[in-house]
Amino acid sequence: MKRLEMQKYMQGINDLTETEYKFLLAYCGIDPPGSGPRDAQRAYLAIRPNVKALSAQVSGRLMLKRIREKGALPELFELRNLGLNRAVDLLGECAQAETVKIIRHRNGAWDYVYAPDYRTRFRAARLLLELHGMIGPEAQVNIHVDNRKTFAQAIAEQAEADERKKLEHDQGFKSDAEDADFCETE
């Protein structure tokens with residue numbers, strides 16, 4: 001990418017050095033094109049290919065930290081129409097998400113029915129609530145079901161079992177259901 005094209009993307013961005021400009025372009029996947037966004041190590045290797053991998057990892061993190069401190073990433077995203085306003089607009093569209101159900105009739109005709117996509121709508125609503133600070137990303141609804149017996153239930157079951165054993169011993173029969181012999185009479 002030529003310097004004039006690079007400056008076109010970086011107009012209005014806080015005081016970045018030329019190396020930081022190149023790193024930011026490589027990090028966002030703008031220059032060199034085609035490979036998409038990179039992590040800090042690969043972005044640093046894209047602008048300085050002769051550096052060792054470990055050195056690129058450390059230097060890339062430090063450079064990304066300096067760029068973030070200067071506030072350049074949000075400005076770049078706004079310039080590329082990928083900022084917070086765009087994200088909120090996309091969430092608004094997701095809040096009205098629909099799925100298409102296809103109904104095939106016996107005669108070969110097809111019908112299409114639009115139904116709300118509640119899963120996508122719920123996720124969009126949750127993200128909007130997180131954005132507004134109403135809930136945190138770690139907020140989860142945990143339902144705890146305690147199926148342990150209470151002390152009273154354990155005592156009642158033990159008393160019932162003792163009574164059954166006593167009846168079995170006294171009367172010589174089991175209280176559990178057994179097959180009975182049936183005879184037909186008229």
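Residues are numbered from 1 along each chain as its sequence is written, and side-chain values use heavy atoms, with hydrogens and water left out. Because the model is predicted, local features need pLDDT of at least 70 and side-chain atom pairs count only at pLDDT 80 or more, whereas totals for chains, interfaces and linings use all residues.

Helices (H or I, at least four residues) and strands (E, at least two) are DSSP runs, numbered from the N terminus. Helix H2 is mostly covered, for 8 of its 11 residues are buried, where buried means under 20% relative accessible area, exposed over 50% and partly exposed in between, with a 1.4 Å probe and protein chains only. Among these buried residues are Glu20, Leu24 and Cys28.

The structure holds 1 aromatic pair. The rings of phenylalanine 23 and tyrosine 27 have centres 6.0 Å apart and planes at 15°, so the pair is stacked; rings of Phe, Tyr and Trp (its six-membered ring) pair if their centres lie within 6.5 Å, and planes under 30 degrees apart count as stacked, over 60 as edge-to-face and the rest as tilted. Both residues lie in H2, 4 residues apart, which is about one turn of the helix. An α-helix has 3.6 residues a turn, so residues three or four places apart point the same way.

**Arginine 38**

Arginine 38 lies in the loop between helix H2 (18–28) and helix H3 (40–47). A polar atom of the arginine 38 side chain lies 2.7 Å from the backbone oxygen of alanine 26. Not counting residues up to four places away in sequence, arginine 38 touches residues including Tyr27, Asp31 and Ala43, where contact means heavy atoms within 4.5 Å.

| Residue | Relative accessibility |
|---|---|
| Phenylalanine 23 | 0% |
| Tyrosine 27 | 18% |
| Arginine 38 | 15% |

Strand E1 (residues 98–104) and strand E2 (residues 110–116) run antiparallel and are joined by 7 bridges, and two strands pair if DSSP finds at least two bridges between them. Isoleucine 102 has tyrosine 112 in E2 as its bridge partner. Between the strands of this hairpin there are 5 residues, and glycine 108 takes a positive phi near 95°.

Methods
Polar contact = N/O pair within 3.5 Å; in protein donor to acceptor, adjacent residues only side chain to side chain.
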